[in-house]
Amino acid sequence: MSVGTEDRRGEDRVREEARAERPVRVGEPPRDIRETLRKGLWIGTWLLFLSSPVHDLASGRHSPACIVAGGAGLAVFVTVYLTLVFRHMGRPTGRLMDQRYAGGLIAGLGMLALVLSLTLGTHWLGLFVYVSVCCGAALPSGAVYWTVPLTGAVMVLTALHLGDRDFWQLLMLVLLIGFSMAGVRQLVRTTVELRQARATVAQLAANEERLRLARDLHDLLGHSLSLITLKSELAGRMLPDHPDKAAQQVADIERVSRQALVDVREAVSGYRRPRLSAELAGARVALTAADVVADIPAEPDLTGVPEESESALAWALREAVTNVVRHSGASRCTVNVVRRQTLDGPILELSVEDNGSGGPSGAGRGHGNGLTGLTERLQKAGGQLEAGRVKHGFRLVARVPLTPAADVGSPA
């Protein structure tokens, strides 16, 4: 039981390290200052549309008072815009109070854009694009359908009032970016919900496996322990007057105890034995979570594959994927499971290739503890392991026979 607990703790540490190494995901709040800067840089890139108002302030066409007032108004506009996008992008619309708060800020943003445009000229009409972005990012879907066109209509009326007839391109930007932002927000929310559902499914699967082990141990040990208790009581009563019969009861206790120990070992061994199909699914999840493009077969043909061979390949896949996630720095990983015919008979071959550095087990530095352990597992199953650098990355190949291997080493 302690070994299984350590395995689960090790897998948890791998997932935590992979989560710590990958960049911040869309729809998640930043975890530290570095991620805040990354997200701010991504959002701040869209502030390039403010080049026209900034150039207008720097052109010298306005009085100093207008320049100061325009700069202050632009600073307030950008602050409110960033607040809305940071707070609401990819998150649920929330309570009615939050919706009213966001709606009030967007209304104030629209009024500020209108005042600045009417006061300082047509160069400031681009601010309505940011108002449209906030509508798509912060308002419920039903409100987006009328607030984005309303923003476009106000922009058109403002342009006509200022005598600008060349507003069609800007109007298309207001409409397209506003509705696109609503679509992006919905996509991000769906991604977050799928991620949460995947974590829930994984937790339920782990709980079900623990319950299975608990049921198996109860079924195995319940009868044996009851029998041991009964025979111990009989031996205690027989010991003074019938030592020969008490000795027979003690022998029965020893036999039942040994059989219970064998049953427990078999149950725990089956519990810890991984399945290749489950490891392939877990590899896809782990690589995707680490932002590695994964090419993994869905359902390999495992007909006729001995359990020991399949378990050895599953361990090899787990070790290889762990190396890719933790050490290689790869951006792409390809997994193949194929059957081959050799002079020694049919084999099943697993190959894991990535475009990274290979990590601590890279070529030229020998095998690490993980690969050494895999080599021993594969040898017990009659297979072999190859691992090393290739032209554009690192490749691990594990082969096992499709017929039960002869006894190699001790089964312990």
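Analyst: A polar contact is a pair of N or O atoms within 3.5 Å. The model discussed here is a predicted one.

User: Which backbone oxygen lies 2.7 Å from a polar atom of the side chain of Thr-158?

Analyst: The backbone oxygen of Val-154. Thr-158 itself is found in helix H7, which covers residues 141-161.

User: Is Thr-158 buried or exposed?

Analyst: Buried means under 20% relative accessible area. Thr-158 has a relative accessible area of 4%, so the residue is buried. Apart from neighbours within four places in sequence, the residues in contact with Thr-158 include Leu-114, Leu-125 and Phe-128.

User: How is a pair of aromatic rings described?

Analyst: By the distance of the centres and the angle of the planes. Here the count comes to 2 aromatic pairs. In one of them, the rings of Phe-77 and Tyr-130 have centres 6.2 Å apart and planes at 85 degrees, so this pair is edge-to-face.

User: What does the pair of Phe-77 and Tyr-130 tie together?

Analyst: Phe-77 lies in helix H4 (residues 64-88) and Tyr-130 in helix H6 (residues 127-138), so the pair ties together parts 53 residues apart in sequence. Phe-77 is buried at a relative accessible area of 1%, and Tyr-130 is buried at 3%.

User: How are the rings of Tyr-81 and Tyr-130 placed?

Analyst: Their centres are 5.1 Å apart and their planes are at 80 degrees, so the pair is edge-to-face. Tyr-81 lies in helix H4 and Tyr-130 in helix H6, so parts 49 residues apart in sequence are tied together. Phe-77, Tyr-81 and Tyr-130 form one aromatic cluster.

User: Where does Arg-377 lie?

Analyst: Arg-377 lies over the face of Trp-315, at 4.2 Å from the ring centre.

Terms used:
Residues are numbered from 1 along each chain as its sequence is written. This is a predicted model: local features need pLDDT of at least 70, side-chain atom pairs count only at pLDDT 80 or more; totals for chains, interfaces and linings use all residues. Side-chain values use heavy atoms; hydrogens and water are left out. Helices (H or I, at least four residues) and strands (E, at least two) are DSSP runs, numbered from the N terminus. Buried means under 20% relative accessible area, exposed over 50%, partly exposed in between (1.4 Å probe, protein chains only). A polar contact is a pair of N or O atoms within 3.5 Å; within protein, one must be able to donate a hydrogen and the other to accept it, and residues adjacent in sequence count only if both atoms are side-chain atoms. Contact means heavy atoms within 4.5 Å. Rings of Phe, Tyr and Trp (its six-membered ring) pair if their centres lie within 6.5 Å; planes under 30 degrees apart count as stacked, over 60 as edge-to-face and the rest as tilted. A charge sits over a ring if NZ of Lys or CZ of Arg is within 6 Å of the ring centre and within 35 degrees of the ring normal.
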